[in-house]
Amino acid sequence: MKLLHKDIEKDNAGQVTLMPEEAEDMWHTYNLLQIGDSLMASTIRKVQTESSTGSVGSSRVRTTLCVCVDTIDFDSQACQLRVKGTNIQENR
């Protein structure tokens, strides 16, 4: 895992920016996260638009989600990290 940015204060509050490089890095991230932390990640969403004539078009939009962590789950078979929480920042 690559540490891109670190801003830690004396009371252990702060933020880090990490870039996973291997599947095992998700396990380390799982051990770093706690309930109540904020997690920011980039994702792609499919947006469907309907015109006045009734035709439906879709496009893929990259957005950044900032989630307040409620539950954390790690799938060891797929090396995937699943985080459940509420979005705390408004997106366009």
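**Pocket and selected residues**

Trainee: How much space lies in the largest pocket?

Mentor: The largest pocket holds about 1100 Å³ of space. A pocket is an open set of points on a 1 Å grid over the protein atoms alone, where a 1.4 Å probe fits, with protein on both sides within 12 Å along at least five of seven lines; a lining residue has an atom within 4 Å of a point. The volume is the space filled by probe spheres set on the points, which are joined across faces, edges and corners.

Trainee: Which residues are closest to its centre?

Mentor: V16, L33, S38, L39 and M40, out of 27 lining residues.

Trainee: And which element gives the most to that lining?

Mentor: β3, with 7 residues. Strands are DSSP runs of E, at least two residues, and helices are runs of H or I, at least four, numbered from the N terminus.

Trainee: How reliable must a residue be to count?

Mentor: The model is predicted, so local features need pLDDT of at least 70 and side-chain atom pairs pLDDT 80 or more, while totals for chains, interfaces and linings use all residues. Residues are numbered from 1 along each chain as its sequence is written, and side-chain values use heavy atoms, without hydrogens or water.

Trainee: New topic: is T63 buried or exposed?

Mentor: T63, in strand β4 (residues 56–75), counts as buried because its relative accessibility is 17%. Buried means under 20%, exposed over 50%, and partly exposed in between (1.4 Å probe, protein chains only).

Trainee: What does T63 touch beyond four places in sequence?

Mentor: T63 is in contact (heavy atoms within 4.5 Å) with A41, S42, T43, R45 and N91.

Trainee: Why does L32 count as exposed?

Mentor: L32, in helix α1 (residues 25–32), counts as exposed because its relative accessibility is 56%.
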